[in-house]
Structure formats: C-alpha cells, structure tokens
Amino acid sequence: MLDVGRHPNISLLAYSEVESVKGRAGDFKVTVRRKRRYVEEDRCTGCGACTEKCPTIVPDAFNQGLGNRKAIYSYFAQGIPSTHTIDPDFCRQIKGKKCGICEKTCQAKAINFDQKDRIIELNVGAVILAAGYDVFDPSMIPEFRYAQITNVVTALEFERLLSASGPTAGHLDRPSDRAVAAEIERMEKEITKSQRMLEKFEKKYEEASAQFYDNFQKSRFQDDEDRLKWAEKYASHRAIVDSLDALKEKTASFTVAKRLAFIQCVGSRDFRFYPFCSGYCCMHSIKEAIIAQEHEPETTSTIFGMDIRAVGKGFEEYKVRGGNHSNISYVRGRVSEIMEGADHNPVVIYEDTRERQVKNEAFDMVILATACVPTKGIVDLANIFGIELDAYNFIKTDPLSPVDTTVPGIFVCGCAQSPMDVPESVAQASSAAERAAEIVAQADVEEAVAL
Amino acid sequence: MMTKTNDVLIVGGGIAGIQASLDLAEMGIRVHLVEKLPSIGGKMAQLDKTFPTNDCAI
C-alpha cells in the first residue's frame with residue numbers, strides 16, 4: 001500500500017468516484033468527482049492532533065462498527081493516503097452547531113470547512129475495474145439470529161476482534177461482555193454529571209442530598225419548585241447508581257471466548273440467496289480458528305459445513321494442521337438454528353450427518369462465514385462504463401478471457417468478477433494489468449506510425 | 001488525428017486494484033487509481049492475517 005502512495009507513476013485519487021465515461025478502447029474520457037474531505041490533502045500531515053481533540057464519537061466502519069472513531073478521522077491507522085477526513089454526517093460544525101475545535105488544533109492549517117467537490121477530467125487508454133465485493137447480510141437468515149444474539153458475529157467482525165489493531169487489541173472478549181462494559185462506562189459518565197448537578201443543590205441549600213430526600217419524602221417542601229427538581233434529580237441518580245451496581249456484578253462472569261463455532265455457507269450454496277460457492281470462506285474460518293488458538297491455547301473450535309473446500313496450494317495441509325495442532329474439529333452438517341442460552345451463550349442446533357443425529361451444543365461465540373456478494377454500487381458502475389453484469393450482478397466475462405468485460409479496453413479483476421481469495425485476486429490483477437498494457441502499447445505504436 | 005493516451009484508469013483500491021496499479025506503474029505506464037473510501041486497502045486491510053501462511057495482511 002505504501003508503494004502505491006509513493007510510486008511516481010501512480011496518481012492516487014482516494015475519496016473519489018467516477019461520474020461518467022465516454023469514448024472507446026485507446027481513448028476514454030473519464031470524469032472523476034473528488035469528494036470534499038474538508039481537509040486540504042496537500043497540507044494535512046496526518047499527525048492526528050485533530051482526531052484527539054474532536055468531541056464527536058462515531059461508530060467505526062473499518063472495525064465493522066465494533067469500535068468508535070471521531071468525526072474527523074483517518075480511515076485506519078496505516079491508511080494511505082494518511083490525509084484525515086471530516087464525516088459530514090456527524091461533524092458538529094458542518095451540522096450547524098458551534099465547534100471548529102479541529103480547525104483551531106491543526107497546526108498545518110489544513111482544515112477547510114468551505115472546501116468544495118472537485119471534478120477532474122482524465123484521458124486514459126484502458127480501464128481496470130477492481131470494485132470488490134460486499135459481505136452478505138446474515139440478518140436475512142432469521143434462524144441464525146445474527147442481530148439478536150450479540151455473540152453471533154460475521155467472519156469479518158471476528159477478524160477485527162482478532163486483530164491487534166482492532167477494537168479489543170486482539171483479545172477475544174465476548175461482544176455481550178463488551179456491551180455490558182460500554183453500558184457501565186456510559187452510566188458512570190451519567191452519574192458524574194448528575195453528581196455535579198446535585199452538588200449545586202447541596203451548596204445552595206447547605207444540606208446533603210440524601211438527608212434532604214428523606215425530609216422531602218416526609219412531605220416537606222412539596223410546593224417548592226426548585227426543591228422538587230432536586231428531589232427528581234436525586235431519585236433518578238439513585239436509580240442509575242443501583243442499576244450500575246447490578247451491572248457491575250455481571251463483570252465477575254466476563255470471559256474470553258474459548259469455545260468457538262464457525263458456520264459455513266451463510267448465504268452461499270443456499271438457494272434462498274446465492275447458489276454459488278464463495279470459495280474462500282472454508283479457508284478463512286480455518287485461519288481464524290488457528291489464529292484464535294494461537295492467542296489463547298485453550299481455545300477449541302468446531303467448523304460446521306457441508307464439506308470443507310480446501311482447494312489451493314498448501315490449503316489441504318493447512319486444514320489438516322488446524323485439526324491436528326489447533327483444536328479444530330470439523331462437523332459435517334448444516335446448522336438449522338441458533339438459540340440464545342444461559343449467559344448470552346449461543347446454542348447451535350445441528351445434524352451431525354456422520355452420526356445421523358440431531359444435536360445441540362453451547363458455545364461462547366458463533367462466527368458466520370458470510371457469502372461474498374456483488375457490491376452495492378456495481379449496477380451504477382456498470383451503467384457508467386456500459387458493461388454487462390451476470391445473473392448475480394458480478395461483472396460478466398467469458399470463461400476463456402476471464403479479465404475482459406463486454407466492452408473492449410475495460411478489464412476486471414478481483415471479487416468484482418466473481419468470489420475469489422487473495423492469491424487469486426492478485427493473479428487476476430496482474431493478468432488485467434497485462435491486458436490493459438497491451439491496449440496502451442498499441443495506442444503508442446499507432447501514434448508513432450501516424451507521426 | 002484523435003488524441004490517444006497511454007494512461008490507465010483503475011477503479012477500486014483493494015488488493016486487486018493495488019496489484020494492477022503497481023504492475024502497470026512498474027512497466028512505466030501512468031496509472032490513475034480511484035478509490036471511493038478515504039484510504040486504499042479495501043477488505044484486505046481489515047484482515048488480520050492471510051491463509052495459508054498466516055502472513056500479515058498489510
């Protein structure tokens with residue numbers, strides 16, 4: 001990634017979108033909208049002082065919403081370019097409230113609330129579409145109760161939980177425990193706030209709140225409006241303190257997730273959704289189980305699937321190694337339902353087809369190997385470039401020319417073409433680069449001949 | 001005479017877009033890499049490690 005930012009032949013147009021395309025192979029005219037960041041790219045040094053001071057907290061998309069970021073942010077720590085961006089949906093200043101703290105903090109004077117989108121025109125010989133994919137939304141499968149049971153997560157969410165740079169710094173804290181911890185933090189803030197308010201009353205009337213409340217309940221000062229407010233405040237304060245105490249008791253049962261279940265083919269190989277095989281998820285689940293066991297040696301994982309498709313160089317060996325050294329057991333069978341058991345533990349109900357028995361088992365966490373589905377913006381992109389899509393909305397190609405789209409001079413690589421893993425994406429990208437180079441070289445030759 | 005250009009446009013800055021950009025740039029071809037998010041990296045940047053070697057993704 002760093003190489004892309006530094007290479008003299010690459011002009012990086014991040015936070016930008018293609019608006020329109022005209023022309024044909026060897027001569028495309030492309031309009032690109034550079035969306036405003038409210039931060040000047042050539043001034044921002046990426047120091048992060050603004051992020052530190054920004055008062056607005058926003059769920060972090062890079063961490064799949066599992067962590068938080070500020071309204072002015074860099075997309076992720078090592079992101080290229082490191083230019084910060086203001087989120088206009090959340091920024092107080094842009095929403096019309098008084099703020100502008102980032103502007104005062106920025107020593108490089110990079111913040112510009114008056115920045116406008118810029119339209120730039122490019123003249124190119126060839127185009128490569130590497131638009132990527134989306135993760136299947138598992139809440140479409142009601143029996144897995146993805147949105148209802150907090151300890152049921154997607155593979156990509158689990159990836160962020162495992163990551164040292166993720167919201168838990170790589171500790172496998174159960175999401176239900178994290179939710180309780182976040183609630184405790186919120187309540188503590190609220191208590192400090194109401195404490196301050198009560199202190200004001202205490203000072204004014206020179207009486208401790210508890211004592212005043214006792215008297216108040218003995219029907220004194222009932223018609224004093226100010227004291228009525230005090231009483232209300234104290235009552236709500238007591239209620240929060242009591243519920244906080246109850247929550248704090250729960251922290252005793254906090255555990256690191258050690259019993260993991262991986263469910264394969266969530267959305268793929270399923271005729272209700274996508275009949276195709278997403279290809280990489282079997283290996284992805286094995287990898288996550290191996291890494292989890294590396295973090296916490298007592299971790300055991302069960303992978304539920306119709307079959308494990310370990311097709312690729314070194315993949316089968318990786319699968320066997322996971323079984324032998326990383327406490328992974330593979331169960332052949334589809335999961336029919338996930339229920340919520342005691343202490344938010346998901347209970348998986350499945351048929352073990354080897355033993356021909358319907359069983360159920362409780363886990364600390366369930367990870368759904370969600371399908372690779374066409375990205376949301378692909379239809380618009382196809383319309384802009386005038387290319388055809390296949391039945392699922394992946395970019396249409398011919399089996400014998402897998403990187404050529406239906407328009408000459410426009411090529412495709414990666415999961416925009418069909419689901420594939422990282423090594424395959426890289427191979428296809430190099431192939432698309434060669435095809436694009438052929439077009440560009442031809443244009444060069446024709447130009448030379450014409451001269 | 002029609003103006004022909006020898007630049008290439010790449011849409012998407014994930015692992016595929018990054019690899020294609022670097023290959024073309026190394027060939028001496030000028031590349032314009034368009035990414036809709038604030039930083040490139042795509043889904044791969046979100047991965048902790050990659051199989052089958054458990055190498056770091058970034």
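Good morning. I begin with β2(A) and β3(A), the latter covering residues 27-34 of chain A: the two strands pair in the antiparallel sense over eight bridges. Before going on, a word on conventions: this is a predicted model, in which local features need pLDDT of at least 70 and side-chain atom pairs count only at pLDDT 80 or more, while totals for chains, interfaces and linings use all residues. Residues are numbered from 1 along each chain as its sequence is written, chains are lettered from A and ligands numbered from 1 in the order in which they are written, and side-chain values use heavy atoms, with hydrogens and water left out.

Helices (H or I, at least four residues) and strands (E, at least two) are DSSP runs, numbered from the N terminus. Two strands count as paired if DSSP finds at least two bridges between them.

Within the pair I began with, Ser20(A) has Thr31(A) of β3(A) as its bridge partner. These strands belong to an open sheet of three strands, in the order β2-β3-β8 of chain A, with antiparallel pairing. Its edge strands are β2 (16-24) and β8 (118-124), each of which pairs on one side only. Direction ignored, neighbouring strands of this sheet are turned by 20 degrees against each other on average; here axes are lines fitted to C-alpha atoms, for helices over the stretch in contact, and angles run from 0 to 180 degrees between N-to-C directions.

I turn now to β16(A). Strand β15 (residues 335-340) of chain A is joined to β16(A) by five bridges, and the two run antiparallel.

On to the next hairpin. β16(A) pairs with strand β17 (residues 357-362) of chain A, antiparallel, over six bridges. Four residues lie between β16(A) and β17(A), and Arg356(A) in that turn has a positive phi of about 55 degrees.

Leaving aside neighbours within four places in sequence, Asp352(A) is in contact (heavy atoms within 4.5 Å) with Val331(A), Arg332(A), Gln357(A) and Lys359(A). β16(A) as a whole is mostly covered, with five of its seven residues buried. Helix α4 (residues 155-162) of chain A is also mostly covered: eight of its eight residues are buried.

Finally, the cavities. A cavity is a set of points, on a 1 Å grid over the protein atoms alone, where a 1.4 Å probe fits but cannot get out; lining residues have an atom within 4 Å of a point. Grid points are joined across faces, edges and corners, and a volume is the space filled by probe spheres set on the points.

How many cavities of 30 Å³ or more does the structure hold? There are two. The largest has a volume of about 70 Å³, and its lining includes Cys54(A), Ile86(A), Arg92(A) and Cys102(A).

Methods: 1 Å grid on protein atoms, 1.4 Å probe; cavity = no way out; pocket = protein on both sides within 12 Å on 5 of 7 lines; lining within 4 Å. Buried < 20%, exposed > 50% of the residue type's maximum accessible area, 1.4 Å probe, protein only.
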